[in-house]
Amino acid sequence: AIIFGLVSRLEASKGVREFLEAMIPILKNNEDVICAVIGGPSPNDVSALAYSQELDSFQQSSNSLGGTR
């Protein structure tokens, strides 16, 4: 398997969503590719917590399209 990963705080300025969006066509076309995002929001940052929830929703909707695993 080929693993693409991102280690980061889950904040909009870090480009996590852009990374996930870029991975969708790669994952759809390559069964041996794995995408991993490691990190979490800063615990006292309300906007980072909201962004983390947004990323969870994005990931769930991408799963229904066969885009992430």
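Reader: Is Glu 31 buried or exposed?

Author: Glu 31 is exposed, at a relative accessible area of 79%. Buried means under 20%, exposed over 50%, and partly exposed in between, with a 1.4 Å probe and protein chains only. This is a predicted model, in which local features need pLDDT of at least 70, side-chain atom pairs count only at pLDDT 80 or more, and totals for chains, interfaces and linings use all residues. Residues are numbered from 1 along each chain as its sequence is written, and side-chain values use heavy atoms, with hydrogens and water left out.

Reader: Where is Glu 31?

Author: Glu 31 sits in the loop between helix H1 (16-29) and S2. Helices (H or I, at least four residues) and strands (E, at least two) are DSSP runs, numbered from the N terminus.

Reader: What does Pro 41 touch?

Author: Leaving out residues up to four places away in sequence, Pro 41 touches Leu 10, Ala 48, Leu 49 and Ser 52. Contact means heavy atoms within 4.5 Å. Pro 41 lies in the loop between strand S2 (33-38) and helix H2 (46-64), and is partly exposed at 26%.

Reader: New topic. How many residues has the largest nonpolar core?

Author: That core has 13 residues, and Met 23 is one of those with the most contacts inside it. H1 gives the largest share, 6 residues. A nonpolar core is a set of buried Ala, Val, Leu, Ile, Met, Phe, Trp, Tyr and Cys residues joined through side-chain atoms within 4.5 Å.

Reader: Which element has the lowest mean pLDDT?

Author: H2, at 87, while strand S1 (residues 2-7) has the highest, 95. pLDDT is the predictor's confidence in each residue, from 0 to 100.
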